[in-house]
Amino acid sequence: MATSAAGAVVILGSGLIGRSWAMLFASGGFEVKLYDIEQQQITNALENIKKEMKLLEQSGSLKGALNMEQQLSLISGCSHLGKAVEGAIHIQECVPENLELKKKIFAQLDRIVDDTVILSSSSSCLLPSKLFAGLTHVKQCIVAHPVNPPYYVPLVELIPHPETAPATMDKTHALMKKIGQSPVRLLREIDGFALNRLQYAIISEAWRLVEGGILSPNDLDLVMSDGLGMRYAFIGPLETMHLNAEGMVNYCDRYSEGMKRVLKTFGPIPEFSGATVEKVNQAMCRKVPDDPGHLAARRQWRDDCLMRLAKLKSQVQPQ
């Protein structure tokens with residue numbers, strides 16, 4: 001394994017998210033130690049990473065200034081936690097989304113790390129105040145929530161524990177920028193963080209519109225993919241408001257009454273069960289059968305689209 005002047009990063013967990021983080025950190029020139037409890041899982045993960053990097057290089061989509069072989073040489077596996085964390089500047093936990101399991105992992109880390117390494121969780125919804133409760137090194141703890149699939153979607157939400165040191169946030173933010181991600185800072189924790197709160201708001205109204213017989217599942221998806229989503233791929237909802245009028249103040253003067261009227265008509269939180277589930281499932285399965293082969297092919301198509309979109313955005317970004 002090659003050594004790196006950038007420092008060593010440890011990935012705890014070799015699933016999809018862990019493998020993606022490993023590839024991202026290697027693309028930034030970091031030495032990566034991929035930890036898992038079973039050697040076979042590590043072996044499988046390293047083989048998967050090599051295969052995916054090869055395809056990325058062939059398509060011209062490999063991130064970073066290093067070639068595939070150089071990046072692969074930076075990644076190694078380790079099944080001993082104590083050895084894995086030696087010399088690490090950043091530890092990224094990627095075990096399954098189970099509070100007790102994650103707390104157990106961080107309790108183990110808390111006993112063996114020094115006072116400088118960042119302890120970061122990839123959790124998508126568990127609050128830092130629960131994840132890191134009682135840890136000696138709590139000032140070094142943070143949630144860095146990536147968006148699935150992380151290699152293709154650059155956003156990372158950074159959420160602090162109430163006792164997280166400002167330096168921990170600053171270092172993690174700089175690290176994410178260095179590996180090409182787009183970090184955002186949440187100033188305090190909130191259930192669902194930011195991305196999922198926005199996502200769930202869209203999902204709930206989408207569900208109500210289908211459940212209420214307003215439009216079909218396929219037409220509902222078109223509203224996003226060929227409508228709102230095309231805007232939001234380049235600018236967010238607040239800038240959209242700003243540009244759709246003569247600035248934000250003008251937009252609110254024009255449209256606030258209409259927005260409030262419509263928002264008052266929103267229904268209760270859906271149950272996401274019963275006849276509507278079957279209706280939506282049938283529509284989705286007609287588009288993409290829910291067997292592993294079709295789903296994998298569609299995900300690959302999605303990832304290819306995301307990569308092309310990322311390239312386009314970098315080319316058209318205003319100076």
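Predicted model: local features only at pLDDT ≥ 70, side-chain atom pairs only at ≥ 80, totals over all residues.
Reader: How many helices and strands does the protein chain have, and what is its radius of gyration?

Author: Helices (H or I, at least four residues) and strands (E, at least two) are DSSP runs, numbered from the N terminus, and the protein chain has 13 helices and eight strands. The globule rule, 2.2 Å times the number of residues to the power 0.38, is set against a radius of gyration taken over C-alpha atoms. For 319 residues the rule gives 20 Å, so the protein chain is as compact as a globular protein of that length, with a close radius of gyration of 22 Å.

Reader: Is Val-10 buried or exposed?

Author: Val-10 is found in strand S1 (residues 8–12). Not counting residues up to four places away in sequence, Val-10 touches Lys-33, Ala-84, Val-85, Ala-88, His-90, Ile-91 and Gln-92. With a 1.4 Å probe and protein chains only, buried means under 20% relative accessible area, exposed over 50%, and partly exposed in between. Because its relative accessibility is 0%, Val-10 counts as buried.

Reader: Which peptide bond is cis, with omega near 0 degrees?

Author: The proline concerned, Pro-149, lies in the loop between strand S6 (141–146) and strand S7 (155–160). The cis bond, with omega near 0 degrees, runs to Pro-149 from Asn-148.

Reader: Where does Phe-193 lie, and what is the relative accessible area of Phe-272?

Author: Phe-193 has phi near 55 degrees, a positive value in a residue other than glycine, and lies in the loop between strand S8 (182–185) and helix H8 (195–211). Phe-193 counts as buried at 0% relative accessibility. Phe-272 also has phi near 55 degrees, and lies in the loop between helix H11 (248–263) and helix H12 (275–287). Phe-272 is partly exposed, its relative accessible area being 37%.

Technical notes: Residues numbered from 1 in each chain as written. Heavy atoms only, no water. Contact = heavy atoms within 4.5 Å.
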